[in-house]
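Here is a briefing on one protein model. Please look over the sequence and the structure before reading on.

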Amino acid sequence: MNKIAQIAVAWLVAAITAACCGCKSLDAKNVAAMSNKATTVAKRMLSPEAKPQDILLVLAHPDDETWLSGTLARLAQLHRINVVYVSSGDAGSDRSGRELSGQTLAQEREAEVTAALKVLSIKAAPIFWRFPDTQLVSNSSAITNKLVTTLNTQNPQLVISFGSDGVTGHPDHTAVATITADAFSRWQQSQPIVKNNLRAQLWQVAVSKARAEQASNVAAAMKQPFRIAQPIDNERIDVQVDVSAHQQQRRAAFAQHKTQFPPSMQMLWNAFLLVDNYEEFHVVVPD
Ligand SMILES: [Zn+2]
């Protein structure tokens with residue numbers, strides 16, 4: 001976006017936000033009001049004094065990290081992060097105009113997400129399991145077994161995946177949510193103590209109804225579709241991560257996904273980031 005367009009969008013977004021009296025304001029006050037459970041959990045991972053830990057992120061498709069890209073950029077300053085993509089998006093369509101499909105599209109999406117994770121300062125290369133896109137439910141038993149093995153090998157202190165809402169409701173997202181919860185539970189039953197007498201945590205990336213409303217107001221003002229199909233009740237958000245210092249990385253990581261997000265979508269995302277300073281999580285297993 002050039003400077004004038006950026007100012008125009010910022011003005012538009014400020015006007016929408018001011019007019020939206022039904023929105024719960026996503027500001028520092030709400031962070032202070034988080035539950036004790038969440039503040040303890042978040043502190044262990046997010047405070048500048050946090051000891052370096054291993055984090056495992058389990059996602060369905062390249063680009064799914066967008067839902068927590070600012071948090072990843074923040075966690076990457078402190079911890080070691082590995083990201084598993086269960087499928088590589090071979091059933092998707094190419095929005096870059098190059099008409100890639102099948103395995104060629106999957107390869108391109110892998111290259112895009114590799115670049116996106118570098119932008120977020122994640123040092124480890126992404127791990128691609130290459131299960132067929134849109135068919136994760138029918139492969140759930142094999143994926144769960146593979147994930148239990150990975151958890152046993154990596155011994156992460158924090159696992160992050162989708163919740164049962166899948167944010168967008170995509171069947172692959174909800175499958176990954178169930179698979180990760182099952183694998184986490186099996187792993188913890190066999191090996192409950194991880195490091196320093198602390199059990200591993202399980203977080204689920206989510207979008208609250210308040211935040212979804214804010215996003216759809218921005219989209220409506222720009223006459224673009226941007227619907228988060230499965231927001232969760234505001235009260236179910238346990239951790240809000242302040243990502244305001246990482247907006248440039250969030251923009252740049254999103255822009256890597258050229259087969260997913262055409263320029264109109266990138267402009268919309270950039271406008272949304274002008275009002276979106278917190279990413280949200282539901283904590284399933286605190287510690
Ligand atoms: Zn996805």
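How many of the eight residues of helix α4 (residues 69–76) are buried? Seven of them are, and the helix is mostly covered. Buried here means 20 or more other C-beta atoms within 10 Å of a residue's own; exposed means 12 or fewer, partly exposed lies in between, and C-beta atoms are placed from the backbone.

This is a predicted model: local features need pLDDT of at least 70, side-chain atom pairs count only at pLDDT 80 or more, and totals for chains, interfaces and linings use all residues. Residues are numbered from 1 along each chain as its sequence is written.

**Overall make-up**

- The protein has ten helices and seven strands. Both are DSSP runs numbered from the N terminus: helices are H or I with at least four residues, strands E with at least two.
- Of its 287 residues, 44% count as buried.
- Take contacts between residues at least 6 apart in sequence: 81% of them join residues at least 24 apart. Contact means that the C-beta atoms of two residues, placed from the backbone, lie within 7 Å.
- The buried residues of α4 are Ser69, Gly70, Thr71, Leu72, Ala73, Arg74 and Leu75.

**Nonpolar core**

- The largest nonpolar core holds 67 residues. Such a core is a set of buried Ala, Val, Leu, Ile, Met, Phe, Trp, Tyr and Cys residues joined through C-beta atoms within 7 Å.
- Leu57 and Val176 have the most contacts inside this core.
- Helix α7 (residues 171–190) gives the most to this core, with eight residues.
- Beyond its neighbours within four places in sequence, Val176 touches Val58, Leu59, Ala60, Val86, Leu136, Ser161 and Phe162.

**Valine 84**

- Val84 sits in strand β2 (residues 80–87).
- Val84 counts as buried because it has 21 C-beta neighbours inside 10 Å.
- Neighbours within four places aside, Val84 is in contact with Leu56, Leu57, Val58, Leu59, Ile127, Trp129 and Thr150.

**Helix packing**

- The axes of α6 (residues 140–154) and α7 come within 9 Å and cross at roughly 45°. Axes are lines fitted to C-alpha atoms, for helices over the stretch in contact, and angles run from 0 to 180 degrees between N-to-C directions.
- That angle makes α6 oblique to α7. Under 35 degrees counts as roughly parallel, over 145 as roughly antiparallel, 65 to 115 as roughly perpendicular and the rest as oblique.
- On the α6 side the contact includes Ile143, Leu147 and Leu151; on the α7 side it includes Ala175, Ile179 and Trp187.
- By class, the contact of α6 with α7 has eight nonpolar, five polar and two charged residues. Ala, Val, Leu, Ile, Met, Phe, Trp, Tyr, Cys and Pro count as nonpolar, Asp, Glu, Lys and Arg as charged, and the others, Gly among them, as polar.
- Helices α9 (residues 247–255) and α10 (residues 263–273) pack at about 165°, with axes 10 Å apart. They are therefore roughly antiparallel.

**Positive phi in loops**

- Glu99 has a phi near 55°, positive in a residue other than glycine. Glu99 is in the loop between β2 and α5 (102–119). With 9 C-beta neighbours inside 10 Å, Glu99 counts as exposed.
- Lys223 is not a glycine either, yet its phi is about 55°. Lys223 lies in the loop between α8 (209–221) and β6 (239–242). With 8 C-beta neighbours inside 10 Å, Lys223 counts as exposed.
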